[in-house]
Each structure stands twice: as structure tokens, then as C-alpha cells.
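Let us take a walk through this structure together.

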Amino acid sequence: MKRLYLFSAMLLLGFVSVFAQGGGELRFCLRSEPKTFNPLLVEDEASETIRYLTGGVLVRVNRISLKAEPNLATSWKVSEGGKRIRFKLREGLKYSDGTPFSASDVAYTMQQLMDPGLHSSTGDAFRSAEGKLVTQVISANEIEINFPAPVANLVNLFDTVAILSATSPQKEMAALGPFYVAERKAGSYIQLKRNPYYWKKDAAGKQLPYLDSIRLDIEQNPEIEAMRYKRGEVHLINTVSPAIFEKLSADNASVRDAGASTDTEQLWFNQVPGSPLPAYKKAWFISTNFRRAVSEAINRSDLARIVYRGHAVPAIGIISPSNRFWFNGSLKPHAYDTSSALRRLQEDGFQLQGDTLKDKAGNVVEFSIATNAGNRARESMATMIQQDLKKIGIKVNVVTLDFNSLLERMTQSYNYEACLLGFQNVELDPNSQMAVWLSSADNHQWNPSQKAPATQWEAEIDKLMRAQAASGDEHKRKQYWDRVQQIAWEQEPFIYLINKDALVAIAPAVKNAEPSVFRPQTFWNVETLALAH
Amino acid sequence: MLRFWSGAVLRLVAVMLMASFAGAMLMRIAPGFSSDGQELNSGLSTQSLEAIRRAHLSDANVPRFYAQYLASFVRGDLGTSRSLNQPVKDLLRERLPITLINLAFALAAGWLLGLALAIAAQMWNIPALSLLANGLSGTFISTPAAAMALIFLLLRWPPAFAAALLVFPKIYRYAQNLLQQSSEMPHVLTARAKGAGPWRVLAWHVAPIALPQMIALVGVSISIGIGVLLPIEVVSDVAGIGQLAWHAAQARDLPLLVNLTMVVTFMTVCATLISDVAQRSFVRSDA
Amino acid sequence: MKAVRVVAIAVLALTALTILGAHYLAPAGYEQQFRETPQASPSIHHLLGTDDLGRDRWSRLLYGMRVSLVLAPLAALFTTVLAGVVGGIAGYFGGWTERGCKLLIDLFLSVPWLFLLITVRAVLPLNVSPEASVTVTFALLGLLGWAASARVICAGAKDLMKSEFVWMARASGFSGFKLIRLHLLPNLRGSLLAQFWISIPVFIIAEANLGALGLGVAEPLPSLGSLLRELQDAVMLRPEPWRLLPLAVLIVVISSFQVLLNKQEVRT
């Protein structure tokens, strides 16, 4: 019996050590060259990847449980409804070049971040009101940060703030994260090496990360990336298109559908009063009945089934059900019902004459849907919507434009009729959507930068968004946000189409991978990823 | 001679300046010049968005931008790419050699193959050979560059091979037509009737007539090659100037685009100048 | 070779009939989506299967041929005429005219015309019909595609100006446009025909690529170029032989054009 226990213990230890085995170089691709290595200025995905892999943050949000976990900070205390936060920091930490880490570095980083001349979304997320940030270094490992006004979702926001060294000669290249940038060939690759001073150890006391290095190749073409994955030249693909997913599956390559992501694809109509559209079209687009009718005439199930090969779900509202806490569970999917659509249109005086729908003045209902060229999924969705709306007599012209031209129409000339685009919702908290739902905001796409809310429902949304931003009570905020979702569901300024699934590819050689629907899907737990030898 | 060369240099400089300025103006007036994808970032405040728009509009006055660019150019500073945040000089230094090597290979191989097939078709008048050559050129000119590039990627062959196969049909068609037309001239018939062998007829009677146009074709081969190489570099992810040019166009990166236009113009005009010089050497004497 | 020419004529005649009779030959509308059977293999209902949105490939090929094989040769003719005119004038007049034309040609070869195309799209109404959009696209391609060939024509014309028969024609009183038209251009037909032949498939493919700028054919209207774009999928994702048929059609048509244009008058 004793021998059996001994043997089992040895087997278990051997098992653990296989998976805890260090070494090896993880390889995957970036879709573009990182624009910056300064973690405070990150706006593009490639730069965000570098930041995630090299930056040390005070708090890390676990991408599975969505809970904030201690990282450089061992504990924290939020007071005054999110106006003040005090962090207790780990002691004895060092940057990748040996420079010691202390609370002064946190103070330095926050001052840099909140510099009004910086213009970064990381900093702007903390900017709840005008005023100066005050940092107080209480000791070498304790710091208090005071904001001019309460900041919603304060703790989780620190997940994106990589702490810079105030004193390192390497400046922003000195890393506190699991890796540091060791080598870079512009346009070709970036190599990260294990941070020899990284503070974290696993449960068995082994130094993390397990990997020796990570090589990030710059690869813009997703088909080539997939080909390299099949050949074993790369270990991960963070986002796989449905077509490539099917191909890799058919070829028995390891791919996974992690479930509905938080990203949305939506259609909206131009409701800008000053747009160069004819008055009768403006009248259509501001009518709730018209928007609801169009929404009811779109077969979302077909979009999910055909365009996304079943790797998407019909969208219900502003946010995806995978955003479990904030999603309004009482909302139901919009039904696909062409009869109901026609009834709504008739209420507004539209009449179907033969195969053509006309408004009460006799104008043929015809409009264009603009989307960005090169995005096959959106082009396909627009084409399918074209056919769907044909059934209720509406003539749709699909216009694909290069992205900058489309942007110019959307944000400057307002010379478009309907637009089909998608949003990547990186942040789960509703406060991240202030710039979309406030009627005065620039990203209030259908009618941005309003001096006063154009409709009563937009005025109500303004009130609710401000209330949730000012409240420190999460449940109260949830109530406000649920109501915003309800209004958006009823009025449909955005006609939400689908939530696509997070499709990833992870080679069998990669151990401890646990793909999430939240970014970064495949390597959120990079320090515990290992390569089987 | 001095007059010719000074005129040539003047022409080169003039075309480079005009082409890059015209490119900059076209980019400026095209929609989307001051747009930035960051405008859709709901995490940015109004002030940040305004700062981004102001940064884009800093180059809005193209004549002023261009004058400043030329002043820097003379000092050896080619400016900084707005979209990649890197000095344009470094970008060109890294990427230009890659494109030049691929271009040289594509043109050399394309010309070799095209000319060889055209000469063979002309010399040996074998229907099967003619059909094969026509079939090959028809196939490759009808195949999109992107598809060709992907095929070569799958086969793990260099993308320059794909470019060569896309260049050769154009060379073949021109060469074959020119040789064909020249061989129909009366003096060629006379030479054949007098017993001249096929190689002699080709070298002494057919080729000289076709030569001026063939030399001119060499001159424009650079632009043919660049036109073929650009989509191949984009699809194959080759870090050359073709890929850079596509990126500059999409991002409306004015400093990058102006420099790239200068480079392409320089190469194009140099090639046409060289062909002009060569033509002068082969000029037919006045009757 | 005579048999080959007969085959080529037959192919082009068949193509023309197919284009004219597309409406009768197509089993379904090119826009009709059979949503229960997307990406279907060939069957009795769908001779070439269906595409990603369930549209009948055979119908889309028929209508696509109509768009591309009518407009591309017209655009090719346009560009060839432009090349002939500019090159012919440059070669005929020589001197400063030639220098000016060469400068213009070099400019045309160097300027990034992409932004002109983007601007044209911005000027066009959003609700422009797919037919109008594709016509404008091919017209633009014709307008911009002449420069390389014009240089070759210019070199040939310049050389011909020194030939004896041109001297004789001039001595006989021919000059100007008449001389260009009757004596220069016919003797430059090799280059002109090459330009014409090359332009057709190049324009067909370019039209599809211009979809990235909002030009080209708009959904749901197909073109041969837009069908050729699917080749990328065929190469990387689904190497199904029937997806290659648009390419095969283009190759056969282009080769037939080549055979007919390459009339051999002299035989040894």
C-alpha cells in the first residue's frame, strides 16, 4: 500500500512537472505593426497586445470569472463613491532592467496618463470631470489617488494601465509584466523574452512565466496566418473568421468556438437634421415605426447561419448576453415578421403597390446601405438585407466604400443614408459607452453632437447615462443601464443584427490554454501557458 | 550630348515634383483625408477627438506641406510616417531593397520567358508551339494577381515567380505582335527568298524593325512590374514598398505617399530615359 | 491554324449568344438567394452549385459575362485609341510635342490615380445603379490605362517617320492626321492590337479590385471580375473545380481574341 502511495505521488509530481515544464517560444501573429510601445498611448490592437504581454498592472481582470484580481497591488480600497482609491503594492519588485518598482512609479504613471495633452482613451476613461488628479505617495508601497469626480468601474480600469518606471533609463521599454521587448524588426516581427524579474510564481513555487519567449510575426493576411498555423509555424490565432474556422476544422486543425463575443454588428439610419438628404428620406429615418419595420423584416437567423456559418447569434440589444452582469435579461430577440413590418409601415402611411413600397407622398422607398469595403461578412450581410427588404417592397443599394471615405461621410459630411458597421466592445462596463449614448457625444452615430436631445427618448437616455456614471452603487447602475437597453430596444436607433462568436485556434502543443470570449481571447493567461515538448 | 543629359535630368526632376505634388493634391481632395479610425473609439473624449482631427488637418494645406517637405528633403529628412510613427527614410531603407530585388527578378524572368516564347513562335511556326504560348499567356494574364500569389504561397515558392508569370504575357504579346508585323515587311520576304536562314532573317531583318518599340517597352516595364508586384506584396505580406504604398493610401499618410511617389517616379522615368538613350543608339538613319 | 481560327470564331460567337440569351439560359435570377443551400455542390438544380449566399453560380456566370465581356472590350478599345492618338501625335510631330507627350506619359505612369478613383466615387450619387457604376468604372480604366502603350506607339511612330514609304507619302501631300491614320497607325497595329488584347483581362480584374473603393459592380449584379475574386477562396479554403469556371471562361475568350487578332498573313 505504501509503495502504491509512493508510486502515485511520483506519478502526480511527474504529471504536474510535465505541464509545469518551462521553456519554448510561443509564436503567433499580429495583424499590423504596433503603432506605439508607449502603453499610455495604445489605441490599436497590435499595440494593445504588446502592452498586455509586457505591462505590469495594479489589477488584472480575470477573463473567465471577470473578477478583478490583485496583481502589482495586493489590495485596494475605493472610497467616496469612486473618487478615491488607495492601493497597497507588492514589495521588492523590479522592472525588466533591474530598476526597483515603488509607489512613486504609480504616481508618475497616473500623472502622465492624466496629462490633458496626452489624448489617449486609457487616460480619458478616468476623466469623469474636469480638474486635477492628486496622487499621494504614502510609503514606498502604498499610494492614494484622488480624482476630481467619482469614476465608474474604477478598479477594473486599472487593468489597462501599465505602470511605467519614473527612473529607468529604458523609459517605457522597462517592463513589469511577464515579458519584455527584446528584439524588433520593423514590418517583420517582434520578439519578447521572459522578464527575469517577474514577481509571480505558480502554486508549486515555480517562477512564471513558463515560456522563454514569444515571437509575434506581422501578418496582415488571415488566410496566410491560417496556412502557417496548419503548418505548425504559429501556435495561436486570436480571431479566426468563420470561413477559415470551417476550413481548419475540416483539416482537423485545432480550433475552438469560445461562444458569443461582446462584439456587435449593426445597421443605423442617418437622422442628422442638417444632412444633405432629401426631406422625405429624413422623415422616414426619424420614424420609429420605419426603423422597427426594417428591423422586423431582417432575418437575423439567416445572417448568423449563412454569413457566420452558425458561429453567431441574432443580437438582441446594445450588449451581448455574454456580458452576463450588464445584459438586460428581460429583453427578447426581435421577431422576424414581414407582416408585422408592413403593418408598422402602413401606420406611417406607406403603401405597397405591386412590388414597390411608396410613402404617403408617393416617393419610392429606396435607400443605400454603406459599409466598409474589404469586410466580406458585412458585404454579405448588406446583400442579404437587400433581399430581405425587397420582400416588403424596399429597394436597397449596397455601397461599399473604403474605410476613410465612409468615416468622412459618417462623421463630417453626413452624406449617407444607412450604414452597416460593427463595434468591438472591449470594456464591459456601460460607462465605456457614454460617448455613444449621450446625445451630445461624438459617437452618437445616428445624430451626433446634439446641442439638445432631439427626441424625448434620447433625453431620457441622457439622464440615465449620467445617473449611472455618478452612482457608486453597482445594482443601481445596473437598473439605469437596463432601462437604457430597454429604450434602445424599443426605438432601435441601432438595429442590432448579430453577436459573432469568438473563434480561436490553439495548437495542441499549447498547454493550459483556456480561451475566453473577452480580449485577448487566447493568451489572457499567458504567464501560465506552456508548450509541450 | 550634354544638352540631352541636362534635359533628361531636368525632365526627371520635373516629373518627380509634378507627380508627387499631384499625388498629394489628389489625396487631399479625395474624401477621407482628415478621417481617422480613432474617431469611432468611444473611449476618447471630445477634446482627444478634436486633437486627432487637428493633427490630421495640419497637413491640409498641401502647397505649404509640400514646400516644407522639399526643404526637409534637401537636408536629407524625408519626414515621418503618420500612420506607422516611423521615419520614412528608415521605412524605405528597409523595404526598397526587397521590392527592387523582386522587381528585377520578375522583369528579367518575365522578359526572358516572354521574348523566348515570342521568338520561338516566330522562328519555328509550329502550330502546337503557338497554341501553347498563346494558351500560357492567356491563362496567366487572366489570373488575378492575388490568386497567383496565394498559389505560390501554398507551394512555398517566392512571390517574385508569380510576378514574373504575370509580367510575361504582356511582354510576349507585344513581342510576338511586333516580330510578326516586322516579318511581314517586303524586305524580309526578299531576304527569305534569297535564301537567308531563319536566325539571320530574325537578327538582321526582323529585329531591327521591331527594336525601337521593344526598347520602349523595356522602358515602361518598370511600371508594368510595379503594377503587378503591388497586389502580390499585399496578399503575400511581403514587406516591400508595394505593401507600404497600399497602407499609405488606406491611411491617407501624406508624408509616406509623397515619398513613395517620388521613388516610383524616379524608377519609372529613369527606365524610360535609359530606353530613350538606347533608342537613340539604334535610330534609323534618315532617308 | 485555319481550324484554330474557326474554333476561336465559334467560341466568340457562342459567347456572344450566351451573353444575349442570359435571361433565357439562366435558371434563376442572379440575385436570388437559395438560403437553404449555400455553398452547394453542382446538382441538377444548380449546374455549378451555389455561392456563399446561396445564389446560383451558373446564372451569375452568365450575367457576369454579359457585364464584363461587353464593357471590358469597349474600355480596351477606348484606351487603345487614346494610346494610338497620343503616341501617334508624339511620334509624328517629334520635337517639343514629343517631349511634352512623353512628360505627360511619365506623369500618367507615376501619379497614384487611386485617389482620383476615390473622388469619382464620392461624386457619384449613393444610389447610382450597379450598371451605371460599372460603366463609369470601365470608362475610368480606359481613360487611365493608355500611358504605357502610348510610349511604345510613340517609339514606333517616330521610327516610321524615317521610313521611305512615309517620306513618299509626305512627298505625295499626305500630312497631319491623314498621314497618322493611313500610314502610321496601320503599321503600328502590332502594338495597338497587343494593347487591346492585354487590356481586356486586365480591366476585368481591375474592375473587381476597384470594389475596394466602392467602384466597380455593386451587389447583387455580378461581373466576371467579382467572380474571379472568389478564386482566392478556391485557392485557400475550398479548392472545388467548378469555382474555376469563370477563370476558364475568361482564358478561353481571351485566347480566342488572341487567335483572331493575331492574323498571320504571310506563311513561309
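The paragraphs below look at confidence, then at two contacts between chains, and then at a few pairs of side chains.

Keep in mind from the start that this is a predicted model. For the complex, the predictor gives an ipTM of 0.90 and a pTM of 0.91. Chain C has an average pLDDT of 87, and 97% of its residues score at least 70.

Begin with the place where chain B meets chain C. Here 64 residues of chain B and 59 residues of chain C take part in the contact. Together the two chains bury about 5500 Å², and 67% of that area is on carbon and sulfur atoms. There are charged pairs here too: four salt bridges are found across the interface of chain B and chain C. One to look for in the 3D view joins Arg11(B) and Asp106(C), whose side chains meet with N and O 2.9 Å apart. The interface of chain B and chain C also has 13 residue pairs in polar contact, with both residues at pLDDT 80 or more.

Which parts of chain B face chain C? Helices α1 (2–29), α5 (127–142), α6 (145–154), α7 (159–183), α8 (186–193), α9 (198–236), α10 (241–251) and α11 (254–281) of chain B each give two or more residues to this side. The one that gives the most is α7(B), with 10 residues. Sorted by class, the side of chain B that touches chain C has 34 nonpolar, 21 polar and nine charged residues.

Now turn to where chain A meets chain C. This contact takes in 38 residues of chain A and 26 residues of chain C. The buried area between chain A and chain C is about 2600 Å², with carbon and sulfur atoms giving 49% of it. On the side of chain A that touches chain C, the classes come out as 13 nonpolar, 10 polar and 15 charged residues.

Side chains of opposite charge can pair when their charged atoms come close. Between chain A and chain C, the count is six salt bridges. One of them pairs Lys390(A) with Glu31(C), with the closest N and O atoms 3.5 Å apart. Nine residue pairs in polar contact are also counted between chain A and chain C, both residues being at pLDDT 80 or more. The elements of chain A that give two or more residues to this side include the helices α6 (222–230) and α7 (242–250) and the strands β17 (366–372) and β18 (395–401). The largest share comes from α12(A), which gives nine residues.

Let us step back to the whole structure, which holds 57 salt bridges over all chains. Another one to find is between the side chains of Glu36(C) and Arg305(A), at 3.7 Å from N to O. Why does this pair join two chains? Glu36(C) sits in the loop between α2 (22–25) and α3 (57–93) of chain C, while Arg305(A) sits in helix α10 of chain A, so the pair links the two chains.

Over all chains, a search finds 41 aromatic pairs. Among them are Tyr69(B) and Phe73(B), a tilted pair with centres 5.8 Å apart and 50° between the planes. Both residues belong to helix α3 (residues 62–74) of chain B, where Tyr69(B) and Phe73(B) are four residues apart, about one turn of the helix.

Note on methods:
Residues numbered from 1 in each chain as written. Chains lettered and ligands numbered in written order. Heavy atoms only, no water. Contact = heavy atoms within 4.5 Å. Buried area = accessible area lost by both parts, 1.4 Å probe. Polar contact = N/O pair within 3.5 Å; in protein donor to acceptor, adjacent residues only side chain to side chain. Nonpolar A, V, L, I, M, F, W, Y, C, P; charged D, E, K, R; others polar. pLDDT = per-residue confidence, 0-100. Phe/Tyr/Trp six-rings, centres within 6.5 Å; stacked < 30°, edge-to-face > 60°.
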